[in-house]
Amino acid sequence: MAAPPPSSTPPATAANPNPDRNSKRKRKPKPKPAKPAALNPNWAQLQAKLPHRPAATHLGKRKDRDGPPPPPDAAEPSPPAEGKAAVKLEPTSDDTSLTKALAVDCEMVGVGSDGSKSALGRVTLIVQALKVNSFGNVVYDEYVRTVERIVDYRTRISGIRPKHMNKAKEFWNVQKEVAELIKGRILVGHALHNDLKVLLLSHPKKDIRDTSEYEVFRRERKRRSLKDLAAEVLGAKIQQSEHCPIEDARAAMFIYNKHKKGWEKHMKDQFRSKKKLKKRGKKKSAESNGNDPNVPTVLL
């Protein structure tokens, strides 16, 4: 009997010796992410007692970040300590009503043959600092045309330049207006004898409050600069470059206001004692003239 002809189709075992294994490979699902393990109750209890910290921020790749990451545990900046913040000598209202006290500051220019003689170049008056007017507003501020020719504008200190003289007022007009404003009022300032000298004015001593003369502000009995006093008493920086008479007058006024109660008491006590000494002197002179046996009595 003849053998059957060979089949063109290979046997199944030869082409796919393990069909069940291949089918499993094709149908194998993707591995599912593992579920987070349940939190141990003891750890949860401990975590609740620990201080709360903000959750970490996911930053992603460096190229996707908008900016550098904040430093870890960065605390918010604490507000400046009381009295340490820089004080700005600016008014808080536009009230220019005249007050019992006025602060004055003058800037001088140089006149004479070599410019060493001082003359009034600018004068500023500030009203007293009140609750609604914390640092005082300007009631008078004028550049002054000097009687003599200006030789040195002293711009580095005075801040005055030739252009300011274009609209400057005549000295005699300024002098008259300032005299009317300060009459009968307390005059506050620093080294006021210099200001009054260039204004060619005088003022009652009992109505002068000079921050360079008040004993409380002296150091080892020496006068101190307004810049030094403003930094210590007010925490304010003034006279960093050119002087500003508005700023200087405000500084003097605010220093006066801070020490007003003690300063006024000191002035009252001082003048009261002077009056007592005067009365004693007059009384002694009258008694000595009337009762001294050595003085001959004139009979008419």
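1. Let me start with Thr 99, which counts as buried because its relative accessibility is 11%; here buried means under 20% relative accessible area, exposed over 50%, and partly exposed in between, with a 1.4 Å probe and protein chains only. Thr 99 sits in the loop that runs between α3 (41–49) and β1 (101–111). Helices (H or I, at least four residues) and strands (E, at least two) are DSSP runs, numbered from the N terminus. The side chain of Thr 99 reaches the backbone nitrogen of Gln 128 at 2.7 Å.

2. A word on provenance before going on. This is a predicted model, in which local features need pLDDT of at least 70 and side-chain atom pairs count only at pLDDT 80 or more, while totals for chains, interfaces and linings use all residues. Residues are numbered from 1 along each chain as its sequence is written, and side-chain values use heavy atoms, with hydrogens and water left out.

3. Now the chain as a whole. The chain holds 9 helices and 7 strands, and 29% of its 300 residues count as buried. Taking contacts (heavy atoms within 4.5 Å) between residues at least 6 apart in sequence, 63% join residues at least 24 apart.

4. β1 and β2 (residues 117–127) run antiparallel and are joined by 10 bridges; two strands pair if DSSP finds at least two bridges between them. They form a hairpin with 5 residues between them, and Gly 112 in the turn has a positive phi of about 95°. On its other pairing, β2 joins β3 (residues 138–145) in the antiparallel sense over 5 bridges, where Thr 124 has Asp 141 as its bridge partner. Strand β2 is mostly covered, with 9 of its 11 residues buried.

5. β1 and β6 (186–189) run parallel, with 3 bridges joining them.

6. Which residues of helix α7 (residues 226–234) are buried? They are Leu 226, Leu 229, Ala 230, Val 233 and Leu 234. Seen down the axis of α7, these buried residues fall within an arc of 100°, so they line one face of the helix; the arc is that of the directions from the helix axis to the C-beta atoms. An α-helix has 3.6 residues a turn, so residues three or four places apart point the same way. The buried residues of α7 pack against α8 (245–258). Just after α7, Gly 235 takes a positive phi of about 70°.

7. On to the nonpolar cores, each a set of buried Ala, Val, Leu, Ile, Met, Phe, Trp, Tyr and Cys residues joined through side-chain atoms within 4.5 Å. The largest has 24 residues, and Val 188, Leu 234, Ile 255 and Tyr 256 have the most contacts inside it. At least two residues of this core come from each of β1, β6, α7, α8 and α9 (260–291), and α8 gives the most, with 8 residues. Apart from this core lies another, of 21 residues, among them Met 108, Leu 120, Leu 196 and Val 198.

8. Glu 232 also belongs to helix α7. Leaving aside residues up to four places away in sequence, Glu 232 touches Arg 219 and Arg 224. The side chains of Glu 232 and Arg 224 are joined by a polar contact of 2.5 Å; such a contact is a pair of N or O atoms within 3.5 Å, and within protein one must be able to donate a hydrogen and the other to accept it, with residues adjacent in sequence counting only if both atoms are side-chain atoms.

9. Finally, two backbone angles to check. Glu 220 has a positive phi of about 55° although it is not a glycine; this residue is in the loop between β7 (208–210) and α7 and is exposed, with a relative accessible area of 69%. Gln 239, also a residue other than glycine, has a positive phi near 55°. Gln 239 lies in the loop between α7 and α8 and counts as buried at 16% relative accessibility.
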